[in-house]
Every structure is written in structure tokens, then in C-alpha cells.
Amino acid sequence: MAWTVTPERFDSPDATALRRDYYDEVASRYWRRPATDAEITEGLTDDGADLLLPPTGLFVVGRHEGKAASCAGLVVTEEAAPGTAELTRVYVRPAFRGTGGGGLLLAAIEEGARALGVRLLRLDTRLDLVEARGLYAKHGYGEVPAFHRRNPYAEVWFAKEL
């Protein structure tokens, strides 16, 4: 198989580059212009990534033929309900989309979530992130009513029972 997905610290060089690419894409789409390096750095400053480590979370990096190509994170959100976590920072670099890496990311996160005692995975996203919404629907995530309003950019909410 050309893909591998493994847990990795969110601040490793590959994970950091993927998180920057993720933020660049979502911000650039939202602003309808390229995000600047300064805007990307500001967006990633104190973004809660430190929660992407056990026991509060998990971060995985996908590699296609050894090249860092995708990432995803998980944050346990027990304040909502015991056994609940949120999927976050799901990203596949454009050159690797359509090759099966997104599904492998979700499978790895779901496996890690189960190991942390998570029974319900939730996420929010935007309407313009069409590829992400399609990925979630394809892998059993269904649209649900808004479960929080912390993210002012959220327009669609999904959930999946594990």
C-alpha cells in the first residue's frame, strides 16, 4: 500500500508543515485570496494544538510513498458528554486527494478515539469545504444540528457513533 498513517506529535516538522498548509487552504478559501505567511502564523498561534496529545487528544500524519501528505487531529471533549471527541484539522494535500488517504486518516483517528474511550466523534466545517464534507459523508458521518457555537466559521456539523 502506498499510504501509511501513524500518530505523530503535532509539532514535528512534517506535522507543522501540514498544519500550515491546512490553515493556508481554509483561510485562503474563506478570504478568497491567498493567506500571507504572517496570517498563517497568527492563525496557528495558541490554536489549541497542544490538546492533540494523549490523554486529551491525538494527531496523525499520513504519508504517501513516504511523503507527508495528510493529517488529522482529535480532541476529547468530555464537557459535552462522556465519551465524546471532536475531529479537527483534517487535511489532504491537493496532489494526494482522490488516492484513498482521507479514508485512511479517518480510520486511524477512529481507532485512536476508541482507544481513548471515545464513542461519539463530532466535527464542524464550512459549506465551501466541499471535499471535506464529501469525505465525511462517504465514511459514515451524518449531518447533525449545531452542537456548539465556539467556531464562528462553522456552518455544518457532523457526527458518527463508533
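L105 is placed in helix α3, where helices (H or I, at least four residues) and strands (E, at least two) are DSSP runs numbered from the N terminus. The model is predicted, so local features need pLDDT of at least 70 and side-chain atom pairs count only at pLDDT 80 or more, while totals for chains, interfaces and linings use all residues. Residues are numbered from 1 along each chain as its sequence is written, and side-chain values use heavy atoms, with hydrogens and water left out.

**L105**
- L105 counts as buried, at 0% relative accessibility; buried means under 20% relative accessible area, exposed over 50%, and partly exposed in between (1.4 Å probe, protein chains only).
- Leaving aside neighbours within four places in sequence, the residues in contact with L105 include V5, V60, V90, Y91 and V92, contact being heavy atoms within 4.5 Å.
- From C-alpha to C-alpha, L105 lies 19 Å from P13 in space, and the two are 92 residues apart in sequence.

**E86**
- E86 is part of strand β4, which covers residues 84-92.
- With a relative accessible area of 11%, E86 is buried.
- Beyond its neighbours within four places in sequence, E86 is in contact with residues including G73, L74, R122 and F147.

**Largest pocket**
- About 1400 Å³ is the volume of the largest pocket. On a 1 Å grid over the protein atoms alone, a pocket is an open set of points with protein on both sides within 12 Å along at least five of seven lines, and lining residues have an atom within 4 Å of a point. Grid points are joined across faces, edges and corners, and the volume is the space filled by probe spheres set on the points.
- Y22, V26, T88, R89 and D124 are the closest to the pocket's centre among its 47 lining residues.
- Helix α1 gives the most to this lining, with nine residues.

How values were computed:
On a 1 Å grid over the protein atoms alone, a cavity is a set of points where a 1.4 Å probe fits but cannot get out, and a pocket is an open set with protein on both sides within 12 Å along at least five of seven lines; lining residues have an atom within 4 Å of a point.
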